[in-house]
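Subject: Structure handover

Hi there,

Here is the structure I promised to pass on to you. Have a look at it first, and then read on for my notes.

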Amino acid sequence: MTTAHDLNKLGQSIWLDYIRRQFIEDGGLQGVIDNGVRGVTSNPAIFKKAIADSDDYDAQMQELIDAGKSVDEIYEALAVTDIQNAADILRPVYDESNTIDGYVSLEVRPELANDEAGTVTEARHLWGRVDRPNLMIKVPATQEGLGAITTLIGEGINVNVTLMFSLQQYIDVANAYIAGLEKLAESRNDLSGVASVASFFVSRMDVMVDKQLDELGKPELQSKAGVANAQVAYAKFVEMFSGERWDALAAKGAQVQRPLWASTSTKDPNLPDTLYVDNLIAEHTVNTVPPNTLDALNDHGKAEIAATGDASDAQKILDDLAAAGIDYDAVTAALLQEGIDKFIAPFKDLIASIEEKRDRIAAQ
């Protein structure tokens, strides 16, 4: 038994923020599942590193080139193959957990972040193309993304809502999910099997806030914003997924939209490498971790509840940060835009690298 197994008993699922063809095919994914991992997330940066920096995909690329596929079609085929294979390996977890875990996430193209109709169209396409019930389509928590979330959940498509930084984003996303379930309930009575997570980014907030605290001469408040922000969001989760409105949906089999803690690797080497795991252990949550953080968790991580829904201490930290001169709304808005940019850039690099590889392989 590992710490990840222990966390699952406490109600928190550990997912792995990593995917690569060799890792799937050589037993690496099954190995981490055996060690307690309950799902997989991906993003353009992960796929860029996997596809551009290895020869794992060259054989399939050759077939796609011979078939006359475009660069975009090549990328989609490569990604879909990985997602399908990972989903198949995780299917026993999905079945055993009664559709709570066992998911693999695939993101719509980052440039669609502010395009509601485009996001819905691509999400429907990817859902049909992958054709696995344990797929989650990643949709960013932009204003336009909110409408897409309601539409997709209303069609029974699982959604991993990504790039969440502010409490207001969280409230809006939870409401979008609940509205989607209410829409789905108009056409079917059984809401079980439809799942969503709300991915709240943690360490990126500390990176930005700590830099500002340096300039303000307030080092005593550093490395506290990310965890406090997430704990306040968790308290809101406990509040929103209770009461008459939610109970009506739960009676039809609806699952809560679990908070998912993302960006949980420690960026500052002076901080504990399990900082964003140990302090965010809570029931009905997910923590998606990169491989190095997973290793650290299973080596020396804690397994005890750290967030209960009482966020008074966490709120005081946010209040202290505001008193010190940190503009919460400005920080979270900047982080959202930065997050979109950080996904657009590697996606463009990925497409460029596939084009370069295509030309090189075709010339051989």
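Predicted model: local features only at pLDDT ≥ 70, side-chain atom pairs only at ≥ 80, totals over all residues.

T41 itself sits in strand β2, which covers residues 37-41. Is T41 buried or exposed? With a relative accessible area of 2%, T41 is buried, because anything under 20% counts as such. Leaving aside neighbours within four places in sequence, T41 is in contact with W15, L16, D17, Y18, I46, S105, N160 and T288.

R38 also has its place in strand β2, and R38 is buried too, at a relative accessible area of 12%. For a sense of scale, R38 and L318 are 280 residues apart in sequence, and their C-alpha atoms are 32 Å apart in space.

Next, the interior. In soluble globular proteins, nonpolar side chains tend to be buried together. In this model, the largest nonpolar core has 92 residues, and those touching the most other members are F47, Y75, L106, I149, Y170, L181 and F241. Which helix gives the most to this core? Helix α6 (residues 71-96) does, with twelve residues. A second, separate core of 33 residues includes V197, F201, L321 and I340.

The largest pocket has a volume of about 450 Å³. Of the 21 residues that line the largest pocket, D17, N43, R204, S263 and K267 are the closest to its centre. Several elements give two or more residues to this lining, namely α4 (44-52), β5 (159-164), β6 (196-201), β7 (258-262) and α16 (328-363). By type, the lining of the largest pocket divides into seven nonpolar, nine polar and five charged residues.

The second largest pocket has a volume of about 260 Å³. Its lining holds 16 residues, with G11, I100, D101, R258 and H284 nearest the centre. How do the residues of this lining divide? Five are nonpolar, seven polar and four charged.

Finally, two backbone details to check in your viewer. D131 is not a glycine, yet D131 has a positive phi of about 55 degrees. D131 is found in the loop between α7 (116-130) and β4 (135-140), and D131 is exposed, with a relative accessible area of 56%. S223 is not a glycine either, and S223 has a positive phi of about 65 degrees. S223 lies in the loop between α10 (203-216) and α11 (225-240). Is S223 buried or exposed? S223 counts as buried, at 18% relative accessibility.

Terms used
Residues numbered from 1 in each chain as written. Heavy atoms only, no water. Core = buried A, V, L, I, M, F, W, Y, C linked by side-chain atoms within 4.5 Å. Buried < 20%, exposed > 50% of the residue type's maximum accessible area, 1.4 Å probe, protein only. Helix = DSSP H or I, 4+ residues; strand = E, 2+ residues; numbered from the N terminus. Contact = heavy atoms within 4.5 Å. 1 Å grid on protein atoms, 1.4 Å probe; cavity = no way out; pocket = protein on both sides within 12 Å on 5 of 7 lines; lining within 4 Å. Points joined across faces, edges and corners; volume = space filled by probe spheres on them. Nonpolar A, V, L, I, M, F, W, Y, C, P; charged D, E, K, R; others polar.
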